Amino acid sequence: MYAYDELDRTLINERVSEFRDQVKRRLSGELTEDEFKMLRLQNGVYLQLHAYMFRVAIPYGTLSSKQLRRLAHVARRYDRGYGHFTTRQNIQYNWIKLSDLPDALADLAEVGIHAMQTSGNNMRNVTSDQWAGVAPGEVEDPRIWSEILRQHTTLHPEFSFLPRKFKIAITASEHDRAAIKVHDIGLRLHKNADGETGFEVLVGGGLGRTPFIAKIIKPFVHGRDILSYVEAILRVYNQYGRRDNIYKARIKILVHELGIEKFAREVDEEWKQMGHSALTLDHSAIEEVRSRFSYPAYEKLPHMPDELKQAAHDPLFERWRKNSVAPHKVQGYSIVTLSLKPVGGPPGDATADQMDAVADLADKYSFGEIRVGHEQNLVLPHVAKRDLPQLWKALDRLGLATPNVNLVTDIIACPGLDYCSLANARSIPIAQELTRRFANHDTAEMIGRLHINISGCINACGHHHVGHIGILGVEKNGEEFYQITIGGRADENAQMGVLIGPAVPYAEVADVIEDIVEAYLALRDRPEELFVDTVKRLGVEPFKERVYATR
Amino acid sequence: MTSPLQQKIKITGPSMVTANRTSDGIVIYRTAQQGWSASLSDAAIVRTSDEARALLAEANADDVGAVGAYIAPVELKDSGEIKPGNLRERIRSKGLTIDLLPA
Amino acid sequence: MPLVKNARTTTDLFVQIADGAELPGDGAILVPAARFLEDPEAVLKHAGKVGVVWPNNRDLDDLVPYLDRLAAVALVFPSFRDGRAYSQARLLRERHGYDGELRATGQVLRDQFVFMSRAGFDAFEVKKDADADAFAETMKRYSVFYQPTGDGRVTALNRRMQLRHSESAGQ
């Protein structure tokens, strides 16, 4: 965990005071909505269909139990008793009053949580691997660098009014759980031939109306230079990014229009001019940040404790363990994913009671630490294997032990037209219906890894382009229709899905998805061939044929 | 369901003006008495594009009280009841279409 | 539009010259970039101080050769959402060593004062009187800064390192 010091706390409190003043000026009419909108967005406040929506930052997806309890408190006190975890490791509340927001922010500030830059045309929450610091084989904990970048990009005086929003993701593992290839800047930690730590830097990825996979702009930037290099990219973007058309304002368009070579030359030229500057991180500066991350005092535990051997006789426990428990870098410990995708539930939602209960379980079993992943699930990152059976029982009682992580019902979905003022169609009821169709865990296991991602409009908050199956809501003559893509993926082999044909109406979506899955089961050449690999091998045609032959 | 930002002021049937209240964000409807109501049944109904434009202009003039006013279609029942004219407005008027807890 | 300098509303000594207008015989003048670049030497011969209004989409390279002879550079915020002038300001101050008046013009509002000051602006043509009156108060909003810029404010990281250093020295 990163521990805030007096300076971090002071800054957050100063931000709360500033926003309190801004809200007051808005409510008195001193600020027009046009002027206020940008100010509220910079504090994560949107206006949605029914109410204001409040997005709170969970930097690189790490939370303490104390912080999670405070998130529950805000849900209970200022909202309707639940929150929604997002694909950027944040949490959203859907029913908050503008007049209550300063108090909610002040309550959060007491535990070092803020909502700065969770919206607006600035640097958004820096995201990372939800298994950072505990995944086996990691180069090093990417959260050190995430925190360095978080501080550097918070209230940045030069880059708070960019052409458009700007998202950075960092990973330090071979397997990319942070989707760095679909970010404005993606950073992959690795070591060079001399054993020095640095980054492969990718730029210009993104989803939305014009999806792009990020391109490598520099294979290795030394860790000490990462701030200046990022600043060089931002400066080029701030000056040359398009501001005439909101749909062409993201850095991906600039990179595309200039070409990666020319863009890279511009950045290099700027970087060269910056030279050795105050942004260069010397060893002691990096160590200063590193020193404020604390790690659990792990015990020396057996690889296979008796408790686990005994519990293995319970098939329900075993099913959950095989699905939701992953290896930890320390022997005797595990990483446990808590599915927020119960059958029939809205993906990513958690009630205040669930949040409190998870905080208690984190204290008891995970050194008080919780993570949020971009797949909209929670993680207890340091669970002793001997505690797994007890933890499972507790999670099951809370409805948080659905053994569907990475399976067909582990659906990513945006809030869609039930909440969102940008949406063209609903997302959540589609997801709910699909989880009912595939509620049988044996079937889901037989299908294997399959990510369904749903967005209610082209802005792609549900990451539909990179779902193994992507579902995009569109409007046709006042009715909800859905375009289906297949073959997308968000990992180290990221690519965009391919459209299988004309959009289908709301009522037929679940049938179509079932047809696609059945086609896959018939077409895969062995049970281990994943859905995406079958699509890669055969292309979309056989799936298209199956779906449209009878429609 | 088209975003109101893309709407041109041209109506094809009975319409109303709706917005969200600044202080708490709730859905409100412009009334014929130059005020706002949380109830769709109180909404002023306009039938021509000129009337719609005028009602919207009047609503927009209240920048302190309301946010993001726009014109939306309604359905008028024989009984005189006012119903939302599209899915977006049905959801705004009636709330979520989903169960919040797993069924 | 009130001009704020040194945290106080003050009289603007510069006269803004419209495109195509005659230059006055003396007194401080602010000249549009295009006009200035037509014949920089002629403008710089002016008897009073000379400043230039520089648009936010124009490369600074054309201005840099004249910086040491300019008393003011005014950068433009056509909208408070358009942040290009922040980069220009930092480049003028931190890369090109410009130390004359650096003025923010256009949609200059209270809630951007701190950002502007950190980027190097020291004069503000403020859009609203109430915002100009609140300038000094607004500048006190923040005492902690994460990024090093040319404004000389000590960053959080540096304060931490100093603290650590003095702690270890005291042991």
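Reader: How many residues does the largest nonpolar core have?

Author: The largest nonpolar core of this predicted model has 234 residues. Those with the most contacts inside this core are F54(A), I233(A), V358(A), I516(A) and V73(C).

Reader: Which helix gives the most to this core?

Author: That is helix 6 of chain A, residues 226-240, with nine residues.

Reader: And V73(C), what does that residue touch?

Author: Leaving aside residues up to four places away in sequence, V73(C) touches G51(C), V52(C), W54(C), L92(C), Y98(C), G100(C), L102(C) and R103(C).

Reader: Turning to helix 3 and helix 4 of chain A, at what angle do they pack?

Author: Helix 3 (residues 65-78) and helix 4 (residues 101-109) of chain A pack at about 160 degrees, and their axes are 10 Å apart. An angle over 145 degrees counts as roughly antiparallel, and therefore helix 3 and helix 4 of chain A are roughly antiparallel to each other.

Reader: Which residues meet there?

Author: From helix 3 of chain A, R70(A), H73(A), V74(A) and Y78(A) meet A104(A), D107(A) and L108(A) of helix 4. The residues of this contact divide into four nonpolar, one polar and two charged.

Reader: Now the chains: how many residues of chain A are in contact with chain C?

Author: In chain A, 31 residues are in contact with 28 residues of chain C. Helix 1 of chain A gives the most to the side that touches chain C, with six residues.

Reader: What is the make-up of that side of chain A?

Author: The residues on the side of chain A that touches chain C divide into eleven nonpolar, twelve polar and eight charged.

Key:
Residues numbered from 1 in each chain as written. Chains lettered and ligands numbered in written order. Predicted model: local features only at pLDDT ≥ 70, side-chain atom pairs only at ≥ 80, totals over all residues. Core = buried A, V, L, I, M, F, W, Y, C linked by C-beta atoms within 7 Å. Buried ≥ 20, exposed ≤ 12 C-beta atoms within 10 Å, placed from the backbone. Helix = DSSP H or I, 4+ residues; strand = E, 2+ residues; numbered from the N terminus. Contact = placed C-beta atoms within 7 Å. Axes fitted to C-alpha atoms, helices over the stretch in contact; angles between N-to-C directions. Parallel < 35°, antiparallel > 145°, perpendicular 65-115°, else oblique. Nonpolar A, V, L, I, M, F, W, Y, C, P; charged D, E, K, R; others polar.
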